Amino acid sequence: MADYQAPLKDMSFLLHDVFDVTSLWQSLPNIADHVDPETADAILQECAKIAEQEIAPLSQPGHETGVKFDNGKVTTAPGYKEAFQTYAEGGWTGLGGDIEYGGMGMPKMITALHEEMLCAADISFSLYPGLTAGAGLSIVKHASEELKQRYLTRMYAGEWAGSMCLTESHSGTDLGMIRTKAVPQEDGSYKITGEKIFITGGEHDLTENIVHLVLAKLPDAPAGPRGISLFLVPKVLVNDDETLGEPNNVKCGSIEHKMGINASATCVMNFDNATGYLVGEINKGLACMFTMMNFERIGVGIQGIGAAERSYQNALEYAKDRLQGRSLSGAKSPEKPADSIMVHGDVRRMLLNMKASNEGSRALSTYISMKLDIATYGEGEEKAKADALVALMTPIAKAFFTDLGFESTVAGQQVFGGHGFIREWGQEQLVRDCRIAQIYEGTNGVQAMDLLARKVAGSKGEMFTVFADEVKAYIARTTADNMQEFIAPLATALEELETLTRDVLAKAASNPEELGTSANDYLHVFGYTAMAYVWALMAEKSLEKVEQDDFYVAKIKTARYYFKRLLPRTQSLIAAINAGSDVLFDIEDELF
């Protein structure tokens, strides 16, 4: 496997040239007082060092060794504990955390790029701090001041970790069916009893305590999702003087043996009259947990980008070194026994698909992160629009990035040929690790339904209009002749997406099955169109600097590839959607 190199130049290009964070942060007072472009660059440079030097070397051996389970205790792969300590000592676990409780308070535009580096270095390692950050976000937004003071500082310091405990053996997406019980106690605490499965980081040896956020129901709770409450359940109880006390009645019953992310502890967690504390209001727990879930869904999308970037770097290095055959137009390296496989059109197709998808995904992720920062720190109409865009784009971030990420890991494996199937090269690990990203935190099919049914149809198209109006405004003001090769197909794609949206909503008014059968393809049409928008933004800034550096030449040529070879994928997707739902439901179950 090639040594990972963080794409810092591309990240800097996005922050400074494409999205102009200098102006953005100055317009957001709650960010401007503690972050500036120089600080951002320094943070990303230091993050690159720890990702490249400390974490990436652990990925392949960690995959081979996995985690060990013995009588309720989990031991992480060799080197993980030391790397996590180094990571925590650098303050990285609190990078996006609330300043009031010891976090660094960095905006999402910074933390998202940080997350990509961690995921590219090692998805398994990234999950431990990623779940902690998400749990911290739910606590800071919904918990009592007492719980914030007691737990957040230690979590941001990396002394304690976090987990989210939702799924039960009979209850996955349909959380209203959970059976875990919470019984109120006289002292205001609750006794939590139940079993949770698929709990990432539910037990490990990286920290001295783990803070579990657990969904449960009170005895008199209403049926379904309206009766869910959220509880903070520590692995080890905390004394009044903030020291660790007795172990709580929380135990890991087993760990899962999985297709990938072997160095991440995926646990069955048993709560047996464990002491827990209410987070938020009774029966309002699902809304509180969605704060963490939406954070994690964007984070899972970034896992797809990270895996895809690592796959591209591996495949590119291999393709340049591997000698095999001759170019169809004549030998390019006649002094060698064969040309490198870079001369073959199919290899170039796979590499350029990966390059265009990766850079487009990173740009779209940064765009969504920018909107999240505006929604968090902005005000007025801009804040409202940004909030709507984040809600609209979250399922796209999760599903589109991970679908493209898996495609890119498989493409990288294909570039390697037979060696891609052999474990020692490390490429098959990326395929394994990336595959789960399409499944957990809500399968990509669920994300597609969230986009089309809840966000687009649920808002009667209003949330979609916020996005469409922004892109239309950009198209209208971008009149330079040298931009029309990008603007014209962007305008066409947006028009087709608008027409598709109207048609699907019209059909769904009389046949709701149209939403379910169209959702997956619709999400991808939307994703490719949104990516076309950010590719146009990147092309515009690159044209301004094309004489300065080959980086910008490559960016423009990759933009052309995207518009000519990847954006046209929408045509087949639209045709499939227009075929309607009848063809799916005309086949009786017994005929399958």
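Predicted model: local features only at pLDDT ≥ 70, side-chain atom pairs only at ≥ 80, totals over all residues.

Student: Which residues of α1 meet α4?

Tutor: A contact here means heavy atoms within 4.5 Å. By that test Leu 8, Ser 12, Leu 15 and His 16 in α1 meet Pro 37, Asp 41, Leu 44, Gln 45 and Ala 48 in α4. The contact residues divide into five nonpolar, three polar and one charged. Residues are numbered from 1 along each chain as its sequence is written, and side-chain values use heavy atoms, with hydrogens and water left out.

Student: What is the reason for the spacing of contact residues along a helix?

Tutor: An α-helix has 3.6 residues a turn, so residues three or four places apart point the same way.

Student: At what angle do the axes of α1 and α4 cross?

Tutor: Axes are lines fitted to C-alpha atoms, for helices over the stretch in contact, and angles run from 0 to 180 degrees between N-to-C directions. The axes of α1 (residues 8-18) and α4 come within 11 Å and cross at roughly 160 degrees. Angles under 35 degrees count as roughly parallel, over 145 as roughly antiparallel, 65 to 115 as roughly perpendicular and the rest as oblique. The two helices, α1 and α4, are therefore roughly antiparallel.

Student: Is the crossing of α1 and α4 left-handed or right-handed?

Tutor: A crossing is left-handed if the near helix is turned anticlockwise from the far one by less than a right angle, and right-handed if clockwise. The crossing of α1 and α4 is right-handed.

Student: How do α16 and α18 cross?

Tutor: The axes of α16 (residues 513-544) and α18 (residues 569-578) come within 9 Å, crossing at roughly 155 degrees. That makes α16 roughly antiparallel to α18. Their crossing is left-handed. In the contact, Ser 518, Asp 521, Tyr 522, His 524, Val 525 and Tyr 528 of α16 meet Arg 569, Thr 570, Leu 573, Ile 574, Ala 576 and Ile 577 of α18. Seven of these residues are nonpolar, three polar and two charged.

Student: What angle do α15 and α17 make?

Tutor: Helix α15 (residues 484-510) and helix α17 (residues 550-566) pack at about 30 degrees, with their axes 10 Å apart. That makes α15 roughly parallel to α17. The crossing is left-handed. Glu 485, Phe 486, Pro 489 and Leu 490 of α15 make the contact with Ile 556, Ala 559, Arg 560 and Phe 563 of α17. By class, the contact of α15 with α17 has six nonpolar, no polar and two charged residues.

Student: How many residues of α12 are buried?

Tutor: Buried means under 20% relative accessible area, exposed over 50%, and partly exposed in between (1.4 Å probe, protein chains only). In α12 (residues 427-435), seven of its nine residues are buried. They are Gln 427, Glu 428, Gln 429, Leu 430, Val 431, Asp 433 and Cys 434. These buried residues pack against α4 (37-65), α7 (123-142), α9 (285-321) and α11 (380-416).

Student: Is Ser 138 buried or exposed?

Tutor: Ser 138, in helix α7, is buried, with a relative accessible area of 0%. Its contacts, leaving aside neighbours within four places in sequence, include Leu 213, Val 279 and Cys 288. Ser 138 and Cys 288 are 150 residues apart in sequence and 6.3 Å apart in space, C-alpha to C-alpha.

Student: And what of Met 177?

Tutor: At 42% relative accessibility, Met 177 counts as partly exposed. Met 177 is found in the loop between β3 (160-165) and β4 (181-184). Beyond neighbours within four places in sequence, Met 177 is in contact with His 170 and Ser 171.

Student: How many helices and strands does the chain have?

Tutor: Helices (H or I, at least four residues) and strands (E, at least two) are DSSP runs, numbered from the N terminus. The chain has 19 helices and eleven strands. Of its 592 residues, 57% count as buried.

How values were computed:
Nonpolar A, V, L, I, M, F, W, Y, C, P; charged D, E, K, R; others polar.
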